[in-house]
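Please look through the structure below with attention to its backbone, and then to the chain as a whole.

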Amino acid sequence: MKTPKYKPYTLKNLDSISQLKCLSDDERFAIQVVGRVLPFRVSNYVIDELIDWDKAPHDPIFCLTFPQRNMLKPDHFNEIARLLVRNASKEEVNEAANRIRQQLNPHPAGQLEQNVPTLNGQRLPGMQHKYKETVLFFPSQGQICHAYCTFCFRWPQFVGMDELKFAMREGELLLQYVKANSEVSDILFTGGDPLVMKAKTLATYIDPLIKGNLPNLKTIRIGTKSLSYWPYKFLTDPDADELLRLFERVTKSGIHLAFMAHVNHPRELQTAAAQQAIKRILATGAQIRTQAPLMRHINDDANTWADMWRKQVDLGMIPYYMFLTRDTGAQHYFNVPLVRSWEIYRDAYSKVSGICRTVRGPSMSAGPGKIQLAGIATIYGEKIMCLNFIQGRNSDWVHRPFFAEYDEHAVWIDQLKPAFGCESFFFENDSNPMVELSHTSLSAPAISLVPELGGYAE
Ligand SMILES: *Cc1c(COP(=O)(O)O)cnc(C)c1O
Ligand code: SF4
């Protein structure tokens, strides 16, 4: 097999992408404009093997990675466009871009501060602990990606608004934390993409966990998009074999290794490189589970999802989550209303065998937990939406159905009203939702229905 070398493209070397010649001048200019505000980076693999350039700019993988005019509201777009046309200074453009970014809800609900655990009174800002079984860990060297998804809710981090205040270098603290909290069975490495790290670096986090022999640690999960954006990580990169040997050390130690692959479109699974990478990962004893958000312009139809789930199962992967879009960045461009999302989910789910129906969704990662729209029903003539916690900040909320007034246009839980004239949803009255996470420094926080960080790729 040839050994391709990873090459990132950003606004700086955009003009060297020969395929972009198929776009109009306006479309190419739009990339420059939107890319000044939202992050843009794409790999040579995505350009050469995934995007169908005959269909660009409407191709789903093109939409997944390349900025489009309508990702910014017209006022914002025009402001940056005018600056670029008159060759404004870099500082002036950045200043305008930062002002616009502030208006794109960069930190839904200030969630950077919530769910941060403590150990012996010390805050651990590179971790999040919300659901008692699972801690999220953000290794500082894994906070970028091989390419950026245009819809990513972590965009503020990639444009330098958040720096790395949300990441940690200390694997030792992770080990101590899991040791001290026996209810934790899962560690989820997340980012960015932890698999942008060299195998050697990742091993400095994972090997101590293996050697630590923690009786409560059952599963290490790695949230990653590398299978779709750079599969050569597992094939021909200089550290590919070393990475797979690290995976083997995990599984041989008796810890379950769950490779949480972010897959948005079936085409990502069609290349020889991706399929070969899947085989090599599975051969280490790891399992691959798949998840993705439902996005207009990318995958908002039932056949795409049914096809994707079938293909995943064919290749030995396990469908896991279908998420809904969050209210940040370019979400107005990608949003699918809740009711429509449920129709797509149901339609896709009804087309596939039970073996594919391990998937759960459509799910909103909101402040109180992961909330699923379970369906639409009519009770005594009143049309309602049936909702359900897949995960709850309080684990007692899980799988207690609750009901909202039917609203065809709502895109998020905070836009829904309780059905049957109730004043609030049951969990909003729960006075102490953090009882089970009482080791955190937080007193019971206000329940927030807005979206929160910590999500799609996990
Ligand atoms: C989704 C999520 C998890 C994992 O939940 P599972 O249902 O176990 O996959 C853990 N922590 C946070 C903050 C999450 O959003
Ligand atoms: S969704 Fe995941 S892979 Fe895509 S840009 Fe965000 S963190 Fe990176």
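In this predicted model, proline 57 sits in the loop that runs between helix 2 (44-50) and helix 3 (60-65), and the peptide bond that joins alanine 56 to this proline is cis, with an omega of about 5 degrees. A cis peptide bond also joins glycine 361 and proline 362, where omega is about -15 degrees; proline 362, however, has its place in strand 12, which covers residues 360-366. Such bonds deserve a second look because most peptide bonds are trans.

Most residues other than glycine have a negative phi. Asparagine 105, although it is not a glycine, has a positive phi of about 50 degrees, and this residue is found in the loop between helix 5 (90-102) and strand 3 (118-119). With a relative accessible area of 29%, asparagine 105 counts as partly exposed, because that value falls between the 20% below which a residue is buried and the 50% above which a residue is exposed.

Phenylalanine 420 likewise is a residue other than glycine with a positive phi, here near 60 degrees, and it lies in the segment after strand 15 (402-405). The relative accessible area of phenylalanine 420 is 42%, so this residue too is partly exposed.

Which secondary-structure elements make up the chain around these sites? The protein chain contains 14 helices and 15 strands, and its C-alpha atoms, taken along the principal axes, fill a box of roughly 55 × 55 × 50 Å. For a chain of 458 residues, a compact globule would have a radius of gyration near 23 Å, and because the protein chain has 22 Å, its value agrees with that expectation.

Of the 458 residues, 60% count as buried, and, among the contacts in the protein chain with a separation of 6 or more, 74% are accounted for by residues 24 or more positions apart.

How values were computed. Residues are numbered from 1 along each chain as its sequence is written. Chains are lettered from A and ligands numbered from 1 in the order in which they are written. This is a predicted model: local features need pLDDT of at least 70, side-chain atom pairs count only at pLDDT 80 or more; totals for chains, interfaces and linings use all residues. Side-chain values use heavy atoms; hydrogens and water are left out. Helices (H or I, at least four residues) and strands (E, at least two) are DSSP runs, numbered from the N terminus. Buried means under 20% relative accessible area, exposed over 50%, partly exposed in between (1.4 Å probe, protein chains only). The radius of gyration is taken over C-alpha atoms; the globule rule is 2.2 Å times the number of residues to the power 0.38. Contact means heavy atoms within 4.5 Å.
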